[in-house]
Amino acid sequence: MKKTISVTPIKTKIFHRGDDIYTFLKESLSGENLEGRVIAITSKIISLAEKMTISKSEISKNKLVKAESDKYIGPGGFGAELTIKHGILIPSAGIDESNAEENGYILYPKNPYESAHKIWKFLREEFKLKNCAVILTDSHTMPLRRGVMGISLAHWGFKATRSLIGHPDIFGRELKFTHVDVVDSLASMAVFIMGEADDCTPLALILGADLEYSEKTSSEEIKIEPENDLYFPLLKNFI
């Protein structure tokens, strides 16, 4: 059987700092069929709802990056700084200057998984859903690749990875290590459709993803400690 996944962007009004995220979601998603869908939400509107912004006049970018980083690694290319934030190797602690009003910086949400859980609970109750899933997305870069792609900052309502260990390949050989990163694969599709500029589509609905729904979710499903990571030999002198 062929598997088909579709992603539908949701165009909305502009979300401003301090706007209520739940009212915004209710208004933006009313009339949409959400049962069995993944609701992708750009993490920037979560940050704006939580007032996680700061004026450029209050602090220098370098000081802000160091303050926001869970681990500051050092200067990167093109004026960026390499950091770890919320378990992700990300430039400048995820701080964004695009789509920020009043000449400010937009920071990451304070606790992305807590935010994702609250939104998931709200959507289930508000729209009377049995199965739904939430992903908070952001843009990220991949080493040795040009351009940005989507990544999950947090998720709720489904298993983030799928183990293929013990499954046969096409020649019957048993797979020894392979896991599928389900959540980032979906986030990448959603961010591609949602756009990066003036699209004004901070939401997207993903239909057709073969998910294992779950009411319990944790960042531990997807996070790897640096010393257990494939790229640790490149990072060990910095973290």
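This is a predicted model: local features need pLDDT of at least 70, side-chain atom pairs count only at pLDDT 80 or more; totals for chains, interfaces and linings use all residues.
User: What makes β1 and β12 a pair of strands?

Analyst: Pairing needs at least two bridges, and 5 bridges join β1 to β12 (residues 203-207), so the two count as paired. They run antiparallel, with S6 opposite L207 in β12.

User: Why are β1 and β9 said to stand at the edges?

Analyst: The open sheet of 5 strands has the order β1-β12-β2-β8-β9, with mixed pairing. β1 (6-10) and β9 (148-156) each have a single partner strand, so one side of each is left without a neighbour in the sheet. Neighbouring strands are turned by 30 degrees against each other on average, direction ignored.

User: Why is T42 called buried?

Analyst: Its relative accessibility is 17%; the cut-off is under 20%, so T42 counts as buried. T42 is found in strand β2 (residues 38-42) and touches T137, M194 and P202, not counting residues up to four places away in sequence. M194 is itself among the buried residues of α5.

User: What span is expected for α5, and what does the helix reach?

Analyst: α5 (residues 182-194) has 13 residues and reaches 18 Å from its first C-alpha to its last, close to the 18 Å expected at 1.5 Å a residue.

Conventions
Residues are numbered from 1 along each chain as its sequence is written. Side-chain values use heavy atoms; hydrogens and water are left out. Helices (H or I, at least four residues) and strands (E, at least two) are DSSP runs, numbered from the N terminus. The expected span of a helix is 1.5 Å times one less than its number of residues. Buried means under 20% relative accessible area, exposed over 50%, partly exposed in between (1.4 Å probe, protein chains only). Contact means heavy atoms within 4.5 Å. Axes are lines fitted to C-alpha atoms, for helices over the stretch in contact, and angles run from 0 to 180 degrees between N-to-C directions.
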